[in-house]
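Reader: I would like to learn how to read the space around a ligand. Could you walk me through it?

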Amino acid sequence: MHQTDVTALIDFDSLLSEEERLIQRTVREFVTERVRPHVSAWFEEGVSPRELAVEMGALGLLGMHLQGYGCAGTTAVAYGLACLELEAGDSGLRSFVSVQGSLAMYSIHAYGSEEQKQQWLPRLASGQAIGCFGLTEPDFGSNPAGMRTRAERHGDDWVLNGSKMWITNGSLADVATVWARTEDGIRGFLVPRGTKGFTSTDVHQKLSLRASTTSALSFDDVRLPASAMLPHARGLSGPLGCLDEARFGIVFGAMGAARDCLETTLEYAATRVQFDRPIAGFQLTQAKLADMSVELYKGLLLALHLGRLKDAGSIVPEQISVGKLNNVREAITIARTCRTILGGSGITLEYPVLRHANNLESVLTYEGTSEVHQLAVGRALTGMSAYQ
Ligand code: FAD
């Protein structure tokens, strides 16, 4: 249980509405009661807690910023704050919520037919069904445009062949949004679990996001009806639109992991005595704590600014790239610096710090690596694309 509210120094709460504070507090309590007592065991044992889906659905956390179909319809800022509190618990938990709400549900909400929305969104919002989002392939990560997964017309049906890699919730999912090349460009398909020829295999030996399921998906002559295609997504802009939604959650979420590291470290440093005084009293420790808190505050303010832009309907992808690039990079630096202050104690699961640092390695890579976001920001600044 944390005593310290490190964000109080800049009175971050004063920038939030009463409703936003209430939502944040509710998610924080959920994480304190339902996640913190178990999360180190989940991480150690490599378990993703499927049962929490229904609880998070009941709290309105799944697809929470979407309108209708059983979704809570909150502001983007409220959604961001929920991601922040979830990731203060564990990045795996926030990943679950991001994939469910911002990738799987958003793809259906934004690009699906009315029938697809009615069929899937209420069940996904309640956590009774789980979704995943298959874009990355073994040979195409940063460059999804090269994907090989292919869907071909056979009469009225589609036949899907190919594979996807690193798919969060892959083997848990009741429905997968799968992006495939067609004669008409890249299109999205909803593939229900149990469809003949669709199999999944979990990735093992992970050192990061261990409390989250990551899978490879395989499609071997998977026959789908015409109604499985998402009618309103054409080309790579479809999946990229979903990724912008999920990245937005990461901008806030990463700051949650950083805050948890810093608060843990402040408490530890106040009581850990070396050379006859608490290590918090050494100037070198205080320099680290001060610098880390400044980066946390900057990241929080940036996240909030982007959230307000998103709620105003004016955010552009390059702005989300600025947030993802900065906040994940700073969060992982904070986590690693906190680990140094915890000394040897910092390397175990007794403290959350190295768990967060290891998780953030995945967050640094997925939803566009830091380098890809540097290229996006660089292109926005110079007008020149350096991707290829
Ligand atoms: P690569 O693309 O091979 O990149 C390797 C390195 O090369 C990186 O440092 C990269 O920045 C650099 N690089 C690549 N291109 C350039 C360039 N033009 N200029 C400079 N540097 C470059 N994907 C999904 O579709 N759905 C999911 O649910 C999902 N969940 C994930 C969960 C986890 C735990 C992980 C680790 C990944 C997940 N991913 C998911 C995949 C993720 O999005 C990819 O790993 C990511 O896009 C990077 O692709 P890659 O791993 O193939 O790396």
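This is a predicted model: local features need pLDDT of at least 70, side-chain atom pairs count only at pLDDT 80 or more; totals for chains, interfaces and linings use all residues.

Reader: Which residues are the closest to the ligand?

Author: Among the 17 residues that surround the ligand, the closest are T136, S142, W166, T369 and E371.

Reader: And which element gives the most to the shell around the ligand?

Author: That is β3, with 3 residues.

Reader: How do I read polar contacts here?

Author: Look for pairs of N or O atoms within 3.5 Å. In this model, a polar side-chain atom of T369 is 2.6 Å from an oxygen atom of the ligand. The backbone takes part in other pairs: a backbone N or O atom of F133 lies 2.9 Å from a nitrogen atom of the ligand, and for Y387 a backbone N or O atom is 3.0 Å from a nitrogen atom of the ligand.

Reader: How much of the ligand's accessible area does the protein cover?

Author: On its own the ligand has 970 Å² of accessible area, and the protein covers 68% of that.

Reader: Now for empty space. How is it found?

Author: A probe the size of a water molecule is rolled over the atoms, and this shows where empty space is left. Here, the largest pocket has a volume of about 1300 Å³. It is lined by 49 residues, of which G141, S142, R247, E367 and G368 are the closest to its centre.

Reader: Where does the ligand sit?

Author: The ligand sits in the largest pocket. The elements giving two or more residues to the shell around the ligand are β3, α10 and α11. Those that each supply at least two residues to the lining of the largest pocket include β3 (157–168), α10 (353–365) and α11 (370–382).

Reader: What kinds of residues form the lining of the largest pocket?

Author: That lining divides into 21 nonpolar, 19 polar and 9 charged residues.

Reader: How many cavities of 30 Å³ or more does a search of the whole structure find?

Author: The search finds 1. A cavity is a space where the probe fits but cannot get out, whereas a pocket is open. The largest cavity has a volume of about 130 Å³. Of its 19 lining residues, S48, P49, L93, F96 and A211 are the closest to its centre.

Reader: Which element gives the largest share of the lining of the largest cavity?

Author: α5 does, with 4 residues. The lining of the largest cavity has 10 nonpolar, 7 polar and 2 charged residues.

Methods:
Residues are numbered from 1 along each chain as its sequence is written. Side-chain values use heavy atoms; hydrogens and water are left out. On a 1 Å grid over the protein atoms alone, a cavity is a set of points where a 1.4 Å probe fits but cannot get out, and a pocket is an open set with protein on both sides within 12 Å along at least five of seven lines; lining residues have an atom within 4 Å of a point. Grid points are joined across faces, edges and corners, and a volume is the space filled by probe spheres set on the points. Ala, Val, Leu, Ile, Met, Phe, Trp, Tyr, Cys and Pro count as nonpolar, Asp, Glu, Lys and Arg as charged, and the others, Gly among them, as polar. A residue is near a molecule or strand if one of its heavy atoms lies within 4 Å of it. A polar contact is a pair of N or O atoms within 3.5 Å; within protein, one must be able to donate a hydrogen and the other to accept it, and residues adjacent in sequence count only if both atoms are side-chain atoms. Accessible areas come from the Shrake-Rupley method with a 1.4 Å probe; for residues, only the protein chains shown count as cover. A molecule sits in a cavity or pocket if more than half of its atoms lie within 2 Å of its grid points.
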